[in-house]
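Open the model in your viewer and keep the selection panel at hand.

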Amino acid sequence: MTVLITGGAGYIGSHMVRCLLDAGETPLVVDNLVTGFDWLIPETVPFLQADVGDIARMETILREHAVEAVIHFAGSVVLPESVSNPLKYYRNNTAVSRNLIEACVTAGVDKFIFSSTAAVYGDPDEVPVREDAPLRPQSPYGLSKLMTELMLKDVAAAHPFRYTALRYFNVAGADPKGRTGQATLNATNLIKIACETALGKRDHMTIFGTDYPTVDGTGVRDYIHVWDLVEAHRLALLRLRAGGDSVVMNCGYGRGSSVRQVIDAVQAASGARFDVRLGDRRPGDMPEVIAANDLITRELNWKPQLDDLSAIIRHALDWEAALSRRNRI
Ligand SMILES: NC(=O)c1ccc[n+]([C@@H]2O[C@H](COP(=O)([O-])OP(=O)(O)OC[C@H]3O[C@@H](n4cnc5c(N)ncnc54)[C@H](O)[C@@H]3O)[C@@H](O)[C@H]2O)c1
Ligand SMILES: O=c1ccn([C@@H]2O[C@H](COP(=O)(O)OP(=O)(O)O[C@H]3O[C@H](CO)[C@@H](O)[C@H](O)[C@H]3O)[C@@H](O)[C@H]2O)c(=O)[nH]1
């Protein structure tokens, strides 16, 4: 019962691999290492370096490894980059996913879990935002993921194929056991940047916008611990195995933290009073994005274990320090 993890050398995918191993599953990783690192994959896990958009190669891999289900993380993930280079996102997220789905249909793989994003909502009218809210992505990144969701829906209607699309909110933290974490180069995510600054890897950081209509004027996001996120995928896999139908669900905690609250928490956890500058709003940023999570809680009986900003930050800091000790970054 092999479970293929595309993008398993990346941040979230490498946690998925650990989570499945811990549960006694048999993961297989396909990754082209464009942003991932092979040293994040445990040596016991088979790894094939390939582009997920290569239909013939993927069809062969699915058949030769008797893949039962696919969890598809591979893709391009930098939202501002998608504005300056949209075709990269429509290729590596939309077209590549299309090819992978075709390989699955041809090879008879009928269970598919897809990494979608809160960016499909754009600037929500209401928070917490529900799955049936208007879908108005404000970036090619969000649209590239929404197009994949729509393809999955059509394919599931036409073929013996069922999927779960999880719309992640802001993923952060690292494996509580310290086995993997985010090693992304030039990361743009707030918690990663704040941790890097706390450890002296950056000499300062900037708050992007202090005049939002939020609790303290800075942007509010629903930060979800990566370990709770991958556990939701494992539960989604069990649900598909039990015959569950196709579904699209938010994956977040349903409460937000502001940029200032995050930075204060990183300073408290690290004991470092680092240089924080006040800057302009980052183009394309939303004031407040928070998940409604009733659906995932009900459908998967998902019970987050690490719904705590200080735990997310402690694990992120521990991982950042471990990266330095290993001379990784
Ligand atoms: N990190 C977040 O906050 C967040 C939020 C919402 C959605 N997501 C989605 O989650 C998924 C994983 O994100 P991540 O943060 O782990 O990013 P990441 O860059 O760390 O991981 C992506 C992995 O996919 C691989 N990859 C990219 N294109 C590939 C291709 N064509 N063929 C094979 N491998 C390829 C990369 O080498 C990398 O290992 C992405 O689809 C992303 O859009 C992430
Ligand atoms: O140096 C920084 C970095 C970020 N921020 C702010 O921190 C918040 C969070 O930003 P970031 O961590 O970059 O996340 P988002 O822009 O919310 O986007 C993330 O969350 C989306 C889902 O909502 C995913 O799709 C994206 O891949 C992922 O990057 C925002 O208010 C930013 O303006 C700063 O103030 N300073």
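Two residues are in contact here if their C-beta atoms, placed from the backbone, lie within 7 Å. Keep in mind that this is a predicted model.

**Stop one: H6 and H8**

Select helix H6, residues 190-198, and then helix H8, residues 259-270. On the H6 side, pick out Leu190, Ile191, Ala194, Cys195 and Ala198. They meet Val259, Val262, Ile263, Val266 and Ser270 in H8. By class, this contact holds nine nonpolar residues, one polar and no charged ones. Now look along the pair: the axes lie 10 Å apart, at an angle of about 35°. The crossing of H6 past H8 is right-handed.

**Stop two: ligand 2**

Stay with H6 and show ligand 2. A shell of 21 residues surrounds ligand 2, and the closest are Thr117, Ala118, Leu190, Phe208 and Gly219. Two elements give two or more residues to this shell: H6 and strand E8 (205-208). Which of the elements gives the most? E8 does, with four residues. Colour the shell by class to find 12 nonpolar, six polar and three charged residues. Then colour by domain: domain 1 (2-172 + 223-251) and domain 2 (190-221 + 254-325) each supply at least three shell residues.

**Stop three: H2 and H4**

Move to helix H2 (residues 55-64) and helix H4 (residues 86-107). Their axes are 9 Å apart and meet at an angle of about 45°, which makes H2 oblique to H4. From H2, select Ile55, Met58, Glu59, Leu62 and Arg63. Their partners in H4 include Leu100, Ala103 and Ala107. This contact has seven nonpolar, two polar and three charged residues. H2 passes H4 in a right-handed crossing.

Methods:
Residues are numbered from 1 along each chain as its sequence is written. Chains are lettered from A and ligands numbered from 1 in the order in which they are written. This is a predicted model: local features need pLDDT of at least 70, side-chain atom pairs count only at pLDDT 80 or more; totals for chains, interfaces and linings use all residues. A residue is near a molecule or strand if its C-beta atom, placed from the backbone, lies within 6 Å of it. Ala, Val, Leu, Ile, Met, Phe, Trp, Tyr, Cys and Pro count as nonpolar, Asp, Glu, Lys and Arg as charged, and the others, Gly among them, as polar. Domain bounds come from an automatic or database domain assignment. Axes are lines fitted to C-alpha atoms, for helices over the stretch in contact, and angles run from 0 to 180 degrees between N-to-C directions. A crossing is left-handed if the near helix is turned anticlockwise from the far one by less than a right angle, and right-handed if clockwise. Angles under 35 degrees count as roughly parallel, over 145 as roughly antiparallel, 65 to 115 as roughly perpendicular and the rest as oblique.
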